[in-house]
Amino acid sequence: MATMTDPPRESFRLSMLIYDTRYRSLTIQVIALFAFMLLVAWIISNTVQNLASLGKEVEFGFFSEPASYDINQRLLEYTSRDTHLRASFIGLLNTLVVAVLGCITATIIGVLVGVARLSRNWLIARIMTVYVEMFRNVPVLLWIVFAMAILIESLPSPRAFRGEDAPQSLILNDSVAITNRGVYVPEALFSRSLGDVRLFGESSLRLDVSLDLIAIIAVLAASIFVFRRIRAWAERVQNETGNRPTTWYFQIAVLVVPSVILLTALGFHLGKPELKGFNFAGGTHLRNSLIALWIALSLYTAAFIAEIVRGGILAISKGQTEAAGSLGLRPNRIMSLVILPQALRVIIPPLISNYLNLTKNSSLAIAVGYLDITGTLGGITLNQTGRELECILLLMLIYLFISLSISVGMNIYNKRVALVER
Amino acid sequence: MSDASFVRTEMLSEQDPPPTSVGVIGWLRANLFSNWWNAILTVLCLAAIWYVLSGLLGWTLRSVWNAGSLNECRDVMIANWGSTHGHACWGVINDRWLQLLFGFYPPELYYRPILAMLLLFAALAPVLFADKVPPKLLYVTAAYPFLMPWLMWGGSIWTPIGVAAGFVVAYLVGRKLGGTASGLVLGILSAVVWWMLWFGLPGQAETFDSGVGRVLVAGLGENLASISPDTAPFWLETVESRKFGGFMLSVLIGVVAIGCSLPLGILLALGRQSNMLIVKAICVGFIEFIRGVPLITLLFVASTLLNIFLPPGTNFDIILRVMIMVTLFAAAYMAEVIRGGLAGLPTGQYEGADSLGLNYWQAQRLIIMPQALKISIPGIVSTFIGIFKDTTLVSIIALLDPLGLSNSIRADTDWNGIYWELFAFIALMFFIACFGMSRYSMYLERKLKTEND
């Protein structure tokens, strides 16, 4: 009786590396790895040779040298005697400021426009279509320099605010001045301030944190926590008894009263801008470059977000609305409880990539002279020190880090709202 | 008793719908004044439109077309309307529009970029409107990548012919060995050998100074010593890259980047889809790196670092370096678009190819890619629109694209201080090009949708 046995094991032959599918992928991968490493080695050796012939070497010592240039729009204190590292740090904060501001306004405008494009009012839908097409089909750099030109050329100079019967006056109860040198808004001042805490000593990354701000944030956080506990308690009571206790006045009081008490205790008042000589003093000065960049990036990105929002709402079938209606939900409850949660799943992934685009496009600040990380590290610092390799590679790494952080953060959020399938 | 019952014998004629629900009034009621809130919005919108249009149309139409400088413009405005405010000075466009289109390209050679543009449409037609044009046009598509550089930069026709012949050699060798990986590798190697023979070895003087190409020309009846630029057959006057500018430069960078990034993007997409860990890691790393940094940093690399990364002594012009970096940038985005196309194919297509006994490259070439590329054409067009718009960034590294040219026009004393007219012209040109392409892409999407369902 013949028994089936395994076929005899083939001995390994060299040609199996190419012809046997079990080994072929291994071969290809090893070759690819070698080719890649060769390429990297080639580039590095070229770089070393070129740098040697230029008499340069890769080192980051220039970061501790004084930058000796000024950054006029900044969040933290900085003087031209500070180091290049401090300048880059200020630039990085400027990038983040314009990116965060831009993302917020772009989202608000984008959602409004996206919903308005679906409006039953023919005129509004058409106007929004014109807006979207106008901004999507013209380069963002053009919008940025255009916004800058509008601000500089068409706004009144501070001189126009002077005199008894000045042609221009401050708006919003004499507190905001819009001039061709920028916008002056009131700043928050505390007459009984708690002072600042300095983090990181005297190093280049030093950071003055206002204790007033921390106190306000802490009180607000506590208020919101209590607010939510009250709401949870009301829900529990409603679930048990069927009657929801009236709590709204209590909730509002919890939110408002502690903050007001704290602000009064700190002696909160607004420092309004005032005309002194040829310019405004006091208040916070938002320069034209920041405003132009902010407006242009927001409007440009909002056009893309509007399309995403419109697509997301259209992607929800009409049956969902009708089913929700047949359950007896009111129209605004249908929107908030049925349509939006489902539309968000469609909207969020492309929204993430638009936030990323906005952050990357903020590097165009260099065109209007807003000193973000590209303008400091990749611009003036690079030109002053002549360290192209270090500056540009570092710049790329920083952007890569920001991009990856945004996509990781938003992907976590996306996971939370994603449909959980069986 | 008389019968009081009544039976109607004739039908009542149909009544017209109430006049408020049909015609112009009905449309207005339904679309503009459906309730008081919409009515308020409509009136506000009309007021806003009136405000914007009255300013804009007055500025555009009550304008000066014939003027040699801004001051001349202002004089004409004062003479005609008594003020310089609210009137456009289109004299700058009238004066400089050729420059905005072609940069500093020699005016007597303008026919060459125009011809290259027309040939571009001819070359793209069989791809974009496959069902409406004769398939013979595909020959133009194949020849275009070699013809276009010759037309734009000029020089001898033997350079593009030599390059094209290298591809033919690669194709023939690859075909001889069948569609296998080794055929691919050997094909590429033989093409490289061919190019070395044709143009001479690398580092050995400029192109076309040695090698078979030159000998061949000599064999065609030219004396080796007497080949000068003017006498060589099919010699076009050379134009240096630094004379390129305006919309020509934007289109050129965009087209070259998309054209070159397509094969690169296909390879990257396949690498990202593959099961091979190392290949996948390299491709994902490249794609995510490029997509994570702004284009402007890559342009900085082009302007300062690329020469450091290449062998000592390499020095080619900035436009070529920019093209390389924009190509790499476009390739990463292209790879993602094509990956989307690959993901859109049903698994049955892969299994069908396997069951026919096709190997990987045959399956990709004959089954997968034709379908995947077709469904990714809308994405490719959107990528092109993005790249085309992003070419304005080269003005930051001092190339003369339309935006860079507008700065240099403003630096001229004649036109110092002119903003809106230049911006309006540039924006209009970009709008027309990008809007046209996005409409085409939407048309294509609709067509693909109906075909699949």
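H7(A) and H8(A) come out roughly antiparallel to each other, a label for angles over 145 degrees. This is a predicted model, where local features need pLDDT of at least 70, side-chain atom pairs count only at pLDDT 80 or more, and totals for chains, interfaces and linings use all residues. Residues are numbered from 1 along each chain as its sequence is written, with chains lettered from A and ligands numbered from 1 in the order in which they are written.

**Exercise 1.** Work out how H7(A) and H8(A) pack.

*Step 1.* Take helix H7 (residues 211-241) and helix H8 (residues 248-266) of chain A: they pack at about 165°, axes 9 Å apart. Helices here are DSSP runs of H or I, at least four residues, and strands are runs of E, at least two, numbered from the N terminus. Axes are lines fitted to C-alpha atoms, for helices over the stretch in contact, with angles from 0 to 180 degrees between N-to-C directions.

*Step 2.* Look at who touches: Val219(A) and Phe227(A) are among the H7(A) residues, and Val254(A) and Leu262(A) among those of H8(A). Contact means C-beta atoms, placed from the backbone, within 7 Å.

**Exercise 2.** Count the residues in the contact of chains A and B.

*Solution.* Chain B gives 42 residues and chain A gives 44.

How values were computed
Two residues are in contact if their C-beta atoms, placed from the backbone, lie within 7 Å. Angles under 35 degrees count as roughly parallel, over 145 as roughly antiparallel, 65 to 115 as roughly perpendicular and the rest as oblique.
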